[in-house]
Amino acid sequence: MVFAVIIACEIGFWVLIALGLASRYLWNKRTLSNILLLSTPVLDLILLAVAVLDMRSGATFDLRHGLAAAYLAYSIVFGHRTIKWADAKFHHRYAGGPPPAPAPTGPARTRYEWGFWLRILLAYGIACGVLVAMAWMVGDSSATSGIYEFMGGLARVPLIALIWPVSYTFWPKKEETRT
């Protein structure tokens, strides 16, 4: 059941964003748009609650429960940026807005990559905090014993993501001249 809720929440996230942007740019319903866009983290809280209830009812911790914590951490750290990115694309494509800003180059790109990596590290920290809180809420060490192993596996994400800022630090792309 938790996998079904994960899929429903992921679909719901993008549906809320699409409806929020459509209501802003196509239907001129700014208040409705704000409500829809601001409600996206509620899906993650629902997913987290379902994961905790699943473990409290006897399920042992596994990937699906860990994904609930990871989704919540992603929403906290990257949710606003994701919505902002989608907003710029939607505004340009459907409402005649300016094209989205291109990715920075040169030293600005290096700073961007380090900032992005720090956000990934923050999301990892939040996910770990949520996982520890889940273990506490469940209160059964035999059901939650896999949490720390999952946290170790999840640590690969910021470690792998470190490739980009390090590569831009040692081999920066030359700044492009824009005309």
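**A guided look at the helices**

Ser33 sits in helix H2, which covers residues 30–38; helices here are DSSP runs of H or I with at least four residues, while strands are runs of E with at least two, and both are numbered from the N terminus. This is a predicted model, in which local features need pLDDT of at least 70 and side-chain atom pairs count only at pLDDT 80 or more, while totals for chains, interfaces and linings use all residues. Residues are numbered from 1 along each chain as its sequence is written, and side-chain values use heavy atoms, with hydrogens and water left out.

**Ser33 and its surroundings**

- Ser33 counts as buried because its relative accessibility is 0% (buried means under 20% relative accessible area, exposed over 50%, and partly exposed in between, with a 1.4 Å probe and protein chains only).
- Leaving aside residues up to four places away in sequence, Ser33 touches Gly20, Ser23 and Arg24 (contact means heavy atoms within 4.5 Å).
- A polar atom of the Ser33 side chain lies 2.7 Å from the backbone oxygen of Gly20.

**Aromatic rings**

- The count of aromatic pairs comes to nine (rings of Phe, Tyr and Trp, the last by its six-membered ring, pair if their centres lie within 6.5 Å; planes under 30 degrees apart are stacked, over 60 edge-to-face, and the rest tilted).
- The Phe90 and Tyr94 rings have centres 4.7 Å apart and planes at 45°, so this pair is tilted.
- Both Phe90 and Tyr94 belong to helix H4 (residues 63–95), where they are four residues apart, about one turn of the helix.
- Phe90 is buried because its relative accessible area is 14%, whereas Tyr94, at 48% relative accessibility, is partly exposed.
- Ring pairs also link Tyr74, Phe78, Tyr112 and Phe116 into a cluster.

**A closer look at Tyr112**

- Tyr112 is part of helix H5, residues 107–138, and its 34% relative accessibility makes it partly exposed.
- Not counting residues up to four places away in sequence, Tyr112 touches Arg81 and Pro104.
- From C-alpha to C-alpha, Tyr112 and Phe90 are 23 Å apart in space, and they are 22 residues apart in sequence.

- Ile7, Ile11, Val15, Leu19, Leu26, Trp27 and Tyr94 make a nonpolar surface patch of about 700 Å².
- Which helix gives the most to the nonpolar patch? Helix H1 (residues 2–25) does, with four residues.
- Ile7 is in helix H1 and counts as exposed because its relative accessibility is 52%.
- Patches are made of residues with over 30% relative accessible area and no salt bridge, joining like charges within 9 Å and nonpolar side chains (Val, Leu, Ile, Met, Phe, Trp, Tyr) within 5 Å.

Conventions: Accessible areas come from the Shrake-Rupley method with a 1.4 Å probe; for residues, only the protein chains shown count as cover. A salt bridge is a side-chain nitrogen of Lys or Arg within 4 Å of a carboxyl oxygen of Asp or Glu. A polar contact is a pair of N or O atoms within 3.5 Å; within protein, one must be able to donate a hydrogen and the other to accept it, and residues adjacent in sequence count only if both atoms are side-chain atoms.
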